[in-house]
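Me: I would like to go through the labels used for this model one by one. For each, set the value against its cut-off and conclude.

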Amino acid sequence: MPGFAAVPAALALCAGLLAGPAAPEAGRPDCRAGPADCYGLYTYGYSLGLHPFTGAHAVRKQLTDHFWLFPVSGACPSRIRAGARCELLGGNPVEVEYIGNDFFQINTLPGHQLGRGMHIRFAFSRTLGFHTLTVRAWQDRPTDCTDEAFCTTVNSAFAWVTWRVLAQTLRFSAYAA
């Protein structure tokens, strides 16, 4: 695909620009628990289709218990747990920050292509049997990259495509949940 090779190169260019602190700085909000009062990067919603007999918890559990379904799972264990650290595809280290009833959240670590300190939450919900995946990413402060239109656009587009692949996978695998 022409131009597709440019995406990883553009991400690599932005990698150092997205770095944020691992812990909150003095006077800054603690953004690990959620995006309130933090710098939002993106929020995407994806339909997982109609699954009237499967709850949001079951879909989340299926993904965290079979993490190889994650489109960039890399060198992570098949079953992930809160506090676990592993490398996503391409040697991108992350920590599993939280696993809730209907969501899980990862945090990028130093050495990650997108920099450290980005929190990404994958939340599952069901309304009238229709399931939705909402992916939200945030940091505690804007960075040089988030102030640059090109870098922000490339990162957001890459994330949208990657999480769409996850949603398409879960659309079918949720029947087994």
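Reply: Start with burial: buried means under 20% relative accessible area, exposed over 50%, and partly exposed in between, with a 1.4 Å probe and protein chains only. By that rule, both Phe104 and Phe122 are buried. The model is predicted, so local features need pLDDT of at least 70 and side-chain atom pairs pLDDT 80 or more, while totals for chains, interfaces and linings use all residues. Residues are numbered from 1 along each chain as its sequence is written, and side-chain values use heavy atoms, with hydrogens and water left out.

Me: What makes Lys61 and Asp65 a salt bridge?

Reply: A salt bridge needs a side-chain nitrogen of Lys or Arg within 4 Å of a carboxyl oxygen of Asp or Glu. The closest N and O atoms of Lys61 and Asp65 are 2.5 Å apart. The pair therefore qualifies. Both residues sit in helix α2 (residues 56-65), 4 residues apart, which is about one helical turn. Helices are DSSP runs of H or I with at least four residues, strands are runs of E with at least two, and both are numbered from the N terminus.

Me: What makes Glu95 and Arg85 a salt bridge?

Reply: Their N to O distance is 3.8 Å, and the limit is 4 Å. Glu95 is in strand β3 (residues 92-99) and Arg85 in strand β2, 10 residues apart. Arg85 counts as exposed because its 57% relative accessibility is over 50%.

Me: Which residues are joined into one network, and how many salt bridges are there?

Reply: Shared partners join Lys61, Asp65 and Arg79 into one network. The count comes to 3 salt bridges.

Me: How do you know that Cys76 and Cys86 form a disulfide?

Reply: A disulfide is a pair of cysteine sulfur atoms within 2.5 Å. Here the S to S distance is 2.0 Å, so Cys76 is joined to Cys86. The S-S torsion is about 75 degrees, so the disulfide is right-handed. Cys76 is in the loop between α2 and β2, and Cys86 is in strand β2, 10 residues apart. Both cysteines are buried. The whole structure holds 1 disulfide.

Me: Why is the pair Phe67 and Phe70 called stacked?

Reply: Rings of Phe, Tyr and Trp (its six-membered ring) pair if their centres lie within 6.5 Å; planes under 30 degrees apart count as stacked, over 60 as edge-to-face and the rest as tilted. A search of the whole structure finds 10 aromatic pairs. For Phe67 and Phe70 the centres are 4.6 Å apart and the planes at 15 degrees, so the pair is stacked. Phe67 is buried at 3% relative accessible area, and Phe70 is buried at 2%.

Me: What makes Phe104 and Phe122 a stacked pair?

Reply: Their centres are 4.8 Å apart and their planes at 15 degrees, so this pair is stacked. Phe104 lies in strand β4 (residues 103-108) and Phe122 in strand β5 (residues 119-127), so the pair ties together parts 18 residues apart in sequence. Phe67, Phe70, Phe104, Phe122 and Trp163 form one aromatic cluster.

Me: How do you know that Arg121 lies over the face of Phe103?

Reply: The rule asks for NZ of Lys or CZ of Arg within 6 Å of the ring centre and within 35 degrees of the ring normal. Arg121 lies over the face, at 4.5 Å from the ring centre of Phe103.

Me: Why is Ala174 called buried, and which residues does Ala174 touch?

Reply: Ala174 has a relative accessible area of 0%, so it is buried. Its place is in the segment after α3. Contact means heavy atoms within 4.5 Å. Ala174 touches His51, Thr54, Val59 and Gln62, not counting residues up to four places away in sequence.
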